[in-house]
Amino acid sequence: MEIKNKKSIKAFNTPGLKGKITIPGDKSISHRALILGSMCVGKTIIKGLLESEDIFSTINALIKFGVDIERKENGDFVVHGVGVGGHLQPDEPVYLGNSGTSARLLIGLVSSCDITVDFLGDESLSSRPMNRIIDPIIRIGAEVIKGDKNKLPFTVKGSSSPLPIKYEMKIPSAQIKSAIMISALNIRGETTIIEPVLTRDHTENLLNIFGANISITKNKLGHKSISIRGHKELKPTNIVVPGDPSSAAFIIVAALIVPGSSVVIKNVMINKTRSIFIDFLIEMGADIIFLSEYQNSGEKVVDLKVNYSQLYGIDIPSTAAPAMIDEYLIISIAAAYAKGKTLLKGLGELRVKESDRFSAIKNILQLAGVRFESFDDDIVIYGNSGSVKGGCLIDTNLDHRVAMASIVMGLGAEEPIEIDDGSSINTSFSEFFGIMKTLGGNIKNNEK
Ligand code: S3P
C-alpha cells in the first residue's frame with residue numbers, strides 16, 4: 001500500500017528495520033544555494049537539491065524576483081542568476097507556506113534591494129516571530145510599510161541606499177545571521193556580525209565557494225566575527241548538496257529503538273554546528289558505525305550503519321541547543337526508549353519553531369505514557385528501558401518534525417501511535433514514508 005503524506009497515519013510496532021537508504025539534500029544548504037546562485041551573473045548548477053515544499057517556496061519566490069530556475073531531467077537544478085542587486089520588483093505577493101528559513105533569508109535579500117515585497121505565510125509561519133529579522137533590516141535602512149512588523153503578513157520596502165551595520169546576535173539564529181549576510185552582499189562597505197554563540201555555518205561556507213569578500217575572525221572576547229564587503233560579483237559555481245542530518249536523525253533513532261534493526265544510512269552531512277546529536281546518541285550507547293567519509297561542496301559527508309541499541313539516559317547541556325535545535329523532538333523519543341533519566345536543558349527556542357515544540361515534546365510523552373518533568377526551559381525524561389505504551393493520537397499542529405517523531409515513536413511502541421495529518425512532512429522530507437517502507441516500517445494510512 002502506498003503511503004500518501006496526507007490525512008491521519010498510524011505507526012505500528014515493527015519487528016526490525018533493515019536495509020540501505022540515502023538521505024536527500026540538506027534543507028538549509030538547498031535554500032542558501034538557490035539564493036546565492038540567484039545573486040551570481042550566470043549559471044549555478046545544483047546537484048542533490050532537496051525537493052520539498054519549503055524549498056519550492058524559495059524557488060517560487062526567486063522566480064517572482066525575476067530569476068530563471070530550471071530542473072533538468074537528471075534532477076539537477078540550474079539557477080540563472082541576476083547578479084547582486086539584480087532582483088526585480090515582484091508583481092504579486094510572495095507566499096512562503098510553512099518555511100521560516102525562506103521568510104528570514106528572503107527578507108534579508110530584499111532589505112538591501114530597491115524593491116517592495118508583500119510577504120505571506122501559512123497559519124504556522126504567520127504566528128512565528130519576525131521582529132528578530134526586522135530589527136537588523138531596519139538598521140540597514142529597510143522599512144515595514146504595511147502590517148505588524150512582528151508577524152507575517154507584512155510588506156517590506158528594501159533600501160535604495162542600504163547601510164553597512166555592525167550587528168551583535170542577540171539570539172543564536174542561523175536564519176537571522178544568514179539574512180544579514182545575504183543583505184550585506186548588496187551593501188557598499190563592510191557589514192560585521194558578531195556571533196557570541198555559534199550557529200550553523202553553511203552560509204559562510206557557501207559564500208567562500210561563491211567567491212564573496214568574507215572574512216571570519218574572533219573579536220577580543222573570543223566571539224566569532226564575520227565581515228562582508230558587499231558589491232563584489234559572485235561567481236557562478238556547481239554545488240552538490242550533502243544529505244540533511246536533521247532528516248537522517250529520524251531514521252537513525254528509528255533504527256536505534258526498534259529491536260532487531262540494522263540500517264545503512266548514506267549521505268549524512270557531518271558538521272559540528274549540525275550533527276552533535278550523533279555524538280550524544282553515541283554517549284547514550286548507540287551503535288553507530290562510520291562506514292565511509294567524503295566531501296561535498298565544502299561539507300563532510302558520511303555513510304553510517306546504525307544497529308538497534310539499548311540506550312541510556314544522559315544530560316545534554318543548554319550549550320548544545322543551537323547545534324541540535326531541530327533534533328530535540330527526536331532525541332526525546334530516544335530518551336523515552338532509554339534506560340534511566342535524560343536531562344535536556346535550554347529548550348526555550350523550541351517554543352517558536354513550526355509549532356511550540358517544547359509543548360509538543362511534553363504532549364507526545366504524556367499521551368504515549370512516558371514519565372517526564374519540566375522546569376522553565378528544561379525537560380527530564382524518565383526512560384523505561386525500551387518499553388513505551390503508545391496507543392494515542394497526536395495533533396501535529398502543521399509541524400513536520402512533530403509528525404515524524406511521533407511516527408518513529410510508534411514503530412517501537414506496544415500500541416500504535418496515530419498522527420492527525422502527515423502532510424506537513426512534505427515541507428522537509430517527502431521521502432520519509434517511502435524510506436520507512438523500504439526499511440520495513442509498519443506504517444499505514446488510517447482509512448476510517
Ligand atoms: C535554519 C536555522 C534554524 C533551524 C531551521 C533552519 C537555517 O532556525 O531551526 O530549521 O536554515 O538557518 P533558527 O535560525 O531560528 O535557529
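Me: Which elements do the buried residues of α10 pack against?
Reply: This is a predicted model, in which local features need pLDDT of at least 70, side-chain atom pairs count only at pLDDT 80 or more, and totals for chains, interfaces and linings use all residues. Residues are numbered from 1 along each chain as its sequence is written, and side-chain values use heavy atoms, with hydrogens and water left out. Helices (H or I, at least four residues) and strands (E, at least two) are DSSP runs numbered from the N terminus. By contact (heavy atoms within 4.5 Å), the buried residues of α10 pack against α9 (328-337), β20 (371-375), β21 (378-384), β22 (390-394) and α11 (400-412).

Me: Within what arc do the buried residues of α10 fall?
Reply: In α10 (residues 357-367), Arg357, Phe358, Ala360, Ile361, Ile364 and Leu365 are buried (under 20% relative accessible area, with exposed over 50% and partly exposed in between; 1.4 Å probe, protein chains only). They line one face of the helix, because down the axis of α10 they fall within an arc of 165 degrees.

Me: Which residue caps the N-terminal end of α10?
Reply: At the other end, α10 is followed by Gly369, with a positive phi near 80 degrees. At the N-terminal end, a side-chain oxygen lies 3.1 Å from the backbone nitrogen of Phe358, and that oxygen belongs to Asp356.

Me: How much of the area that the ligand exposes when taken alone does the protein bury?
Reply: The residues around the ligand (a heavy atom within 4 Å) include Thr101, Gln175 and Arg401. Ser28 has a polar side-chain atom 2.7 Å from an oxygen atom of the ligand, and so does Ser173, also at 2.7 Å. For Lys353, an N or O atom of the side chain is 2.7 Å from a ligand oxygen. Taken alone the ligand exposes 380 Å², and the protein buries 95%.

Me: How many residues apart are Arg132 and Glu349?
Reply: The side chains of Arg132 and Glu349 meet in a salt bridge, 3.0 Å from N to O (a side-chain nitrogen of Lys or Arg within 4 Å of a carboxyl oxygen of Asp or Glu). Arg132 is in helix α4 (residues 131-140) and Glu349 is in the loop between β19 (339-344) and α10, so the pair links distant parts of the chain, 217 residues apart.

Me: Which strands hold Glu190 and Arg229?
Reply: Glu190 forms a salt bridge with Arg229, with the closest N and O atoms 3.8 Å apart. The pair ties together parts that are 39 residues apart in sequence, because Glu190 lies in β11 (residues 190-195) and Arg229 in β13 (residues 224-229). Glu190 is partly exposed at 38% relative accessible area, and Arg229 is partly exposed at 42%. The strands are β11 and β13.

Me: Is Glu293 buried or exposed?
Reply: Glu293 meets Lys300 in a salt bridge between their side chains, 3.9 Å from N to O. Lys300 counts as partly exposed at 31% relative accessibility. Glu293 has a relative accessible area of 53%, so Glu293 is exposed.

Me: Which residue joins Asp201 in a side-chain polar contact of 2.9 Å?
Reply: Asp201 is found in the loop between β11 and α6 (202-209) and is buried, with a relative accessible area of 13%. Leaving aside neighbours within four places in sequence, Asp201 is in contact with Lys177, Lys224, Asn271 and Thr273. A polar contact is a pair of N or O atoms within 3.5 Å; within protein, one must be able to donate a hydrogen and the other to accept it, and residues adjacent in sequence count only if both atoms are side-chain atoms. At 2.9 Å, the side chain that joins Asp201 is that of Asn271.

Technical notes: Arc of directions from axis to C-beta. Areas by Shrake-Rupley, 256 points an atom, 1.4 Å probe, with all protein chains shown as cover.
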